[in-house]
Amino acid sequence: MSFRTYFDVVGADKSRLGEQVARQRARVVERMHTVEGVVAVVSGKGGVGKSYVAAALARALAQRDALVGVLDADLQSPTIARMLAAKGPLDVSEDGIAPAEGQGGVRVISTDLLLDDGKPLAWRSAAGEAHVWRGAAEASVLREFLADVCWGALDVLLVDMPPDAARLADLATLVRDKLTAIAVTIPSDESARSVRRALSAAREVGITILGIVENMSGYACGSCSTIGPLFTGDAGSRLAAAFDVPILARLPFVPRGSPSADLPSTLINAVCAPRSPHPAPRNPLHAPRE
């Protein structure tokens, strides 16, 4: 079975879909001009705390006075906005959509800010055909989040990817020259197998892998300073060796509500090198670069 793309259609394209996508991609280039780097946070599976790590990393970078944005690309199960206490409604102007502001001035965009509370994401389509268009629709939303959001000047834009690796190629197509990735795993063998596939997908589309974060590598006692075992396995070490990348952090499970900004400097520096503080007013949407 083969499919034609809109580039293969003979004659006039009345939908002008190709032109629409081309204009969106041009806007992505324009928006990303003031963004120093884009870092995809990937896992290849759910349940490893990928969004927790992305939120904690955003807070830690903001505490170092970095200008940080977070794009929640997990459209079906968005969590970043609440983890960073970012709330809607979003402001829309002729220039585009202003991202919500979360803890530490982190700029956030997420479908969670666009949906009614508790409502699932649904695509408009003929009955029974939503599955046919879902991939194209999700890719379109990713383009819109990059093209239509007024990100302004950022040191780093973190992209909290969905559990699977399907959107990595789309992201690489849009911001390839700025894109790197970190992978989040837990110690188990099952996690290692899934994350390995995500890392292979990143390598296949030419994304530089900064390193591995092994989350929930132990259990931090809530009443003492000891860290006990939680999962068996050494997924972090195995993945780092297989892909010849460093382990950026081993993070214990901490029984408290909000993501901690107390992260190892190896992880923070890998994503965004320390820089001099920005002058007040802090974190404006269209601040000029120093």
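Helix H6 is followed by Gly-206, whose phi angle is positive, near 80°. Helices here (H or I, at least four residues) and strands (E, at least two) are DSSP runs, numbered from the N terminus. The model is a predicted one, in which local features need pLDDT of at least 70, side-chain atom pairs count only at pLDDT 80 or more, and totals for chains, interfaces and linings use all residues. Residues are numbered from 1 along each chain as its sequence is written, and side-chain values use heavy atoms, with hydrogens and water left out.

Helix H6 itself covers residues 189-204. At 1.5 Å a residue, its 16 residues should span 22 Å, and its end C-alpha atoms are 23 Å apart, which agrees; the expected span is 1.5 Å times one less than the number of residues. Ser-191, Ala-192, Ser-194, Val-195, Ala-198, Leu-199 and Ala-202 of H6 are buried, where buried means under 20% relative accessible area, exposed over 50%, and partly exposed in between (1.4 Å probe, protein chains only). An α-helix has 3.6 residues a turn, so residues three or four places apart point the same way. The cover over the buried residues of H6 includes helix H5 (168-175), strand S8 (179-185), strand S9 (208-220) and helix H7 (235-243). One of the buried residues, Ser-194, has a relative accessible area of 12%. Not counting residues up to four places away in sequence, Ser-194 touches Ser-43, Gly-44 and Lys-45, a contact being heavy atoms within 4.5 Å.

A contrasting position is Thr-232, found in the loop between strand S10 (227-228) and H7. Thr-232 is exposed, with a relative accessible area of 70%. Leaving aside neighbours within four places in sequence, Thr-232 is in contact with Pro-187 and Ser-188. The C-alpha atoms of Thr-232 and Ser-217 are separated by 8.9 Å, and these two residues are 15 residues apart along the chain.

The view now widens to the whole protein. Its secondary structure comes to eight helices and 11 strands, and buried residues make up 46% of its 290 residues. Among contacts with a separation of 6 or more, 79% are between residues 24 or more positions apart. The accessible surface comes to about 14700 Å², of which 53% belongs to carbon and sulfur atoms; these areas come from the Shrake-Rupley method with a 1.4 Å probe, and for residues only the protein chains shown count as cover.

Ile-182 touches residues including Val-39, Leu-57, Leu-210, Leu-248 and Val-271, with residues up to four places away in sequence not counted.

A salt bridge is a side-chain nitrogen of Lys or Arg within 4 Å of a carboxyl oxygen of Asp or Glu. Asp-95 forms one with Arg-31, the closest N and O atoms being 3.7 Å apart. This pair links distant parts of the chain, 64 residues apart: Asp-95 is in the loop between strand S3 (91-93) and strand S4 (96-98), and Arg-31 is in helix H1 (residues 17-32). Asp-95 counts as partly exposed at 43% relative accessibility, whereas Arg-31 is buried at 16%.

Arg-82 and Asp-112 also meet in a salt bridge (3.2 Å, N to O). Arg-82 lies in helix H3 (residues 80-83) and Asp-112 in the loop between strand S6 (107-109) and helix H4 (130-147), so the pair ties together parts that are 30 residues apart in sequence. Arg-82 is exposed, with a relative accessible area of 57%. In another salt bridge, the side chains of Asp-234 and Arg-238 meet at 4.0 Å, N to O. Salt bridges that share partners join Asp-189, Asp-234 and Arg-238 into one network.

Confidence deserves a final look. The mean pLDDT, the predictor's confidence in each residue from 0 to 100, is 80, and 75% of the residues reach 70 or more. Over residues 128-135 pLDDT stays under 50, and the model has five contacts for them beyond four places in sequence. Residues 276-290 also stay under 50, with 36 such contacts. Where pLDDT is low, the predicted coordinates should not be read in detail.
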